[in-house]
Amino acid sequence: MVDEFAVNGTKTPVGRRMFLGLLALGAAGVAFGASVQNFVGNKLGSGLASLLPGGDHFRIYSITGTYPSISTTKYRLKVSGLVDQPMTLSYADLQALPSIEIVKAFQCVTGWRVPNVHWKGVPLSHILQMVGAHSGAVAVSFDSYDGADTESLSIDQAHLADVIVAYEMYGATVSREHGGPVRLVVPEMYGYKSLKWLSGIRVMDEQLVGYWEQNGYPVNGWLDGSTGLTNPSPNLS
Ligand SMILES: Nc1nc2c(c(=O)[nH]1)N[C@H]1C(S)=C(S)[C@@H](COP(=O)(O)O)O[C@H]1N2
Ligand SMILES: [Mo]
């Protein structure tokens, strides 16, 4: 099994307190630009640099400060709501479905970005088709095994070809820290839309506002800047 942290840099678990600190650092990074980050990276070494924005390292986020631990054998994904055929899918069920692979930069609104991240998973559109999502549905909500994070996509966004229920990252099962064994990946949006430890998909007649959106992030997290999210640093304290 590939060790993501050996590939991507220092393993840096982020609890809630550290997480809020990182948001502050993220805001500072946006304000001071790359030169400060380069200075810190060069003079203080990669250990501290890995805590700062930039440097092509993942930051591990969990709004609860803990990482749910779910084995691939115990994992279940519940698909429900406005569907003809509600389903509960195991990890093996997902592996047996049509899959696509994606290579795309992963980007957080706080300023860090990891290029060329490899994902493999089942297109959400395929799952929606499989369960017979009703034609009147307007949105899809996502739940996490952490019991705290929620996300949503409009029904059109949910049908984008590259939105996947990801079960592999860099050729191995998505690790616990990165939201494994199964997370959502929305490649065209900021990282907060890519819900970790995915437990449920609900087809809805309204779009619910997720955790990050309740805390100031736009519901549409497009990376292309179309929603005005070019220099975001919402105050989450
Ligand atoms: N369940 C859950 N999913 C989550 C988050 C979280 O705290 N909890 N953080 C989001 C944010 S803001 C980002 S940038 C990415 C970070 O993914 P990583 O922890 O794999 O680096 O996960 C997103 N999905
Ligand atoms: Mo993020």
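A cavity here is a set of grid points, on a 1 Å grid over the protein atoms alone, where a 1.4 Å probe fits but cannot get out, and its lining residues have an atom within 4 Å of a point. The views below show a predicted model.

**View 1. The second largest cavity and the residues that line it.** In this predicted model, the second largest cavity has a volume of about 60 Å³. The structure as a whole holds four cavities of 30 Å³ or more.

**View 2. The largest cavity, between two domains.** About 290 Å³ of space lies in the largest cavity, and 23 residues line it. Among these lining residues, Tyr61, Arg183, Gly191, Lys196 and Trp212 lie nearest the centre of the cavity. By class, the lining is made up of 13 nonpolar, five polar and five charged residues. Because domain 1 (2-62) and domain 2 (76-214) both contribute residues to this lining, the largest cavity lies between them.

**View 3. Polar side-chain atoms close to nitrogen and oxygen atoms of ligand 1.** A polar atom in the side chain of Asp146 lies 2.9 Å from a nitrogen atom of ligand 1, while an N or O atom in the side chain of Ser144 is 3.4 Å from a nitrogen atom of the ligand. For Arg183, a polar side-chain atom is found 2.8 Å from an oxygen atom of ligand 1. On its own, ligand 1 has 530 Å² of accessible area, and the protein covers 100% of it. Arg183, shown here with its polar atom 2.8 Å from a ligand oxygen, is also one of the residues that lie nearest the centre of the largest cavity.

Terms used:
Residues are numbered from 1 along each chain as its sequence is written. Chains are lettered from A and ligands numbered from 1 in the order in which they are written. This is a predicted model: local features need pLDDT of at least 70, side-chain atom pairs count only at pLDDT 80 or more; totals for chains, interfaces and linings use all residues. Side-chain values use heavy atoms; hydrogens and water are left out. A polar contact is a pair of N or O atoms within 3.5 Å; within protein, one must be able to donate a hydrogen and the other to accept it, and residues adjacent in sequence count only if both atoms are side-chain atoms. Accessible areas come from the Shrake-Rupley method with a 1.4 Å probe; for residues, only the protein chains shown count as cover. On a 1 Å grid over the protein atoms alone, a cavity is a set of points where a 1.4 Å probe fits but cannot get out, and a pocket is an open set with protein on both sides within 12 Å along at least five of seven lines; lining residues have an atom within 4 Å of a point. Grid points are joined across faces, edges and corners, and a volume is the space filled by probe spheres set on the points. Ala, Val, Leu, Ile, Met, Phe, Trp, Tyr, Cys and Pro count as nonpolar, Asp, Glu, Lys and Arg as charged, and the others, Gly among them, as polar. Domain bounds come from an automatic or database domain assignment.
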